[in-house]
Amino acid sequence: MAVTTLLTLTDAQLAYGHHPLLDHAELAVQSGERIGLIGRNGAGKSSLLKVMDGRIQPDDGEIMRLGGLKIATVEQEPQLDEGLSVLETLCGDVNESEDWQRPARAQALIEQLGLDAAAPVAGLSGGTRKRVALARALADEPDLLLLDEPTNHLDFEGIAWLEALLLQARCSVIVITHDRRFLDVVATRIVELDRGKLLSFPGNFSAWQQRKAEWLEAERQQNARFDKVLAQEEVWIRKGIEARRTRNEGRVRRLEQLRRDRAQRRERAGNVNLALDEGQRSGKLVAELSHVSHGYGPRVLVRDLSTSIMRQDRIGLIGPNGAGKTTLLKIMLGLIEPDSGTVRLGTNLNIGYFDQMRSQLDESATLADTINPGSEWIEIGGQRKHVMSYLEDFLFPPARAQSPVSSLSGGERARLVLARLFARPTNVLVMDEPTNDLDIETLELLEELLQDYKGTVLLVSHDRSFLNNVVTQTLAAEGDGAWQEYVGGYDEWQAQRPAPAASIAASTAKAGGKPEADATPRPASETARGKPARQGRISAWELRELEELPESIAKLEARQAELNEKLADGSLYRDAPGEVAQIQEQLRQLEQEMEGLFARWELLEEKRGG
């Protein structure tokens with residue numbers, strides 16, 4: 001199929017305030033592409049989508065669209081007519097568009113998604129609203145589909161559905177997302193908006209990480225050379241009378257230009273400076289649930305759950321939207337009384353709660369008052385820190401300290417909630433969808449922080465990479481109020497669960513969105529723990545297996561390094577793109593195999609210790 005240029009940005013400029021969002025930016029979008037658009041919070045990604053679909057005009061430069069180009073956009077928080085049903089929303093005004101096939105397409109999409117065609121939009125959850133908005137855009141049959149954070153509010157099955165849909169789509173796609181696994185599956189090119197420039201990298205997110213590191217090093221070396229020349233010229237111009245007599249006017253003009261270039265150079269923004277103060281340690285037991293059941297009316301969210309949460313556990317709660325993850329969190333913390341069963345809380349608990357709805361933010365309060373009302377100083381780890389300096393750690397300049405919360409973007413709100421949460425000592429950290437709206441670099445820093453945190457972490461998230469990198473055990477909703485424990489994160493859950501994801505998606509669709517039980521739950525005594533139960537002495541064959549594990553892992557690591565070295569060759573993306581995909585799949589399989597070996601190693605070591 002011939003490749004067609006759908007849209008071209010040339011020398012585009014756009015500014016709100018001091019720094020430009022687009023600074024002489026260039027971009028061409030081809031037919032058949034799936035572009036992952038990434039960048040820091042506030043870099044201007046959503047504004048770029050608005051330039052592309054014509055909602056706003058650039059301050060300068062040119063945007064050219066193919067004649068008759070049809071663009072559909074799904075915004076981060078879709079605007080839907082509250083007075084319409086789901087089917088009416090998807091169908092639109094057929095008489096006005098004269099698209100007589102649209103109702104059939106709309107009905108097919110409704111069946112695919114397990115939506116209720118007659119349901120009023122006004123009563124839909126955030127995840128269902130996002131699905132309806134996606135279906136409406138697809139019913140338009142666009143040439144170019146623009147998606148702004150489409151995975152926010154979607155559960156695992158919804159994300160898997162969207163991945164499959166985009167892989168099969170005939171239109172080109174530009175998607176803003178911070179979901180790294182999603183970008184690895186979907187993207188054929190990564191475009192990063194960085195300091196007003198659009199930087200293009202072929203391949204998916206993993207390929208971008210390698211190429212970006214090389215690009216940043218090259219930029220650092222180039223800036224260092226520039227600064228060295230400038231410093232030399234500044235020394236020359238400041239020499240004595242003798243130098244001035246022989247001053248070369250051309251050299252003076254060159255120095256003036258160097259100064260202008262240096263003044264115009266936009267430095268890369270620093271990273272968020274995250275730090276957590278555990279304060280006083282909690283007791284060994286954080287919470288113990290005994291035969292807990294809870295529901296609303298006929299709907300059971302938790303059925304006969306018995307489990308214990310110990311100090312330093314890092315537990316991920318996962319399941320479909322509406323499974324009761326947030327409700328179970330509140331039961332664990334003693335914020336909701338269960339219908340039956342008992343909850344025993346441990347001692348010395350100092351709980352920090354990250355709310356997915358950001359409801360603890362007062363829209364009219366200033367950033368400084370949000371962090372620490374009534375005081376300019378914060379105590380962290382026994383050290384005093386001024387609130388202005390603390391806000392700068394979270395990339396809020398002092399000039400914005402007195403700005404109201406209402407002026408913040410979604411990503412900035414997420415950073416502010418983190419800042420507020422980390423300003424106080426906690427030994428139990430509860431995070432309900434913390435990854436929504438955070439940029440990739442902040443996500444990775446948060447992962448590192450939680451990995452080193454000495455307290456207890458309870459995490460609800462649909463970010464598969466984040467779960468894999470943070471949690472050591474998983475509590476999964478299995479349908480009909482049953483919850484089951486598994487060792488490890490998302491990938492381990494997928495490997496251990498009794499039924500594949502496809503069967504759950506099918507049962508969800510059949511039930512009109514309500515998941516069915518996919519297996520008979522095992523009793524709590526048989527559930528896996530992040531720290532495996534001691535089950536007698538280690539056998540001779542298990543001891544041999546334990547001794548051989550380091551060598552097995554070393555072989556996998558060597559193979560991993562060999563494949564990564566191949567991917568580092570930039571010509572591979574141009575000359576053999578098919579081989580790139582094969583190598584990336586091999587790396588994914590190696591990673592899963594290594595995680596399995598590490599989990600086995602931990603289990604056998606625990607057994608030997610017993």
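**View 1. Helix H5 passes helix H6 in a left-handed crossing.** Left-handed here says that the near helix is turned anticlockwise from the far one by less than a right angle, while right-handed is the clockwise case. This is a predicted model, in which local features need pLDDT of at least 70, side-chain atom pairs count only at pLDDT 80 or more, and totals for chains, interfaces and linings use all residues. Residues are numbered from 1 along each chain as its sequence is written, and side-chain values use heavy atoms, with hydrogens and water left out. Helices (H or I, at least four residues) and strands (E, at least two) are DSSP runs, numbered from the N terminus. H5 covers residues 126–139 and H6 covers residues 156–168; they pack at an angle of about 15 degrees, with their axes 12 Å apart. That angle makes H5 roughly parallel to H6 (under 35 degrees is roughly parallel, over 145 roughly antiparallel, 65 to 115 roughly perpendicular, and the rest oblique). Axes are lines fitted to C-alpha atoms, for helices over the stretch in contact, and angles run from 0 to 180 degrees between N-to-C directions.

**View 2. A look at who touches whom between H5 and H6.** From H5 come Arg 131, Leu 134 and Leu 138, and they meet Glu 157, Gly 158, Trp 161, Leu 162 and Leu 165 of H6. Contact means heavy atoms within 4.5 Å. Sorted by class, that makes five nonpolar, one polar and two charged residues (nonpolar: Ala, Val, Leu, Ile, Met, Phe, Trp, Tyr, Cys and Pro; charged: Asp, Glu, Lys and Arg; polar: the others, Gly among them).

**View 3. On another side of the story, H5 also packs with helix H4.** H4 spans residues 102–113, and its angle with H5 is about 145 degrees, with the axes 10 Å apart. This crossing is right-handed. Arg 102, Arg 105, Leu 109 and Leu 113 in H4 meet Arg 131, Ala 135, Arg 136, Leu 138 and Ala 139 in H5. The tally for this contact is five nonpolar, no polar and four charged residues.

**View 4. The largest nonpolar core holds 44 residues.** Such a core is a set of buried Ala, Val, Leu, Ile, Met, Phe, Trp, Tyr and Cys residues joined through side-chain atoms within 4.5 Å. Buried means under 20% relative accessible area, exposed over 50%, and partly exposed in between (1.4 Å probe, protein chains only). Ile 371, Tyr 390, Leu 416, Phe 422, Met 431 and Leu 446 touch the most other members. Helix H14 (residues 410–422) gives the largest share, seven residues. A second, separate core has 35 residues, including Trp 161 and Leu 162, which also turn up in the contact of H5 with H6.

**View 5. Leu 543 sits in helix H19 (residues 540–567).** Leu 543 is partly exposed, at 30% relative accessible area. Leaving aside neighbours within four places in sequence, Leu 543 is in contact with Ile 538 and Arg 608. Leu 543 and Arg 608 are 65 residues apart in sequence, yet 7.9 Å apart in space, C-alpha to C-alpha.

**View 6. Leu 395 and Asp 480 each have a positive phi without being glycine.** For Leu 395, phi is near 65 degrees; this residue is in the loop between helix H13 (387–393) and H14. Leu 395 counts as partly exposed, at 25% relative accessibility. For Asp 480, phi is near 60 degrees, and its loop runs between strand E19 (473–479) and strand E20 (482–487). Asp 480 is partly exposed too, at 48%.
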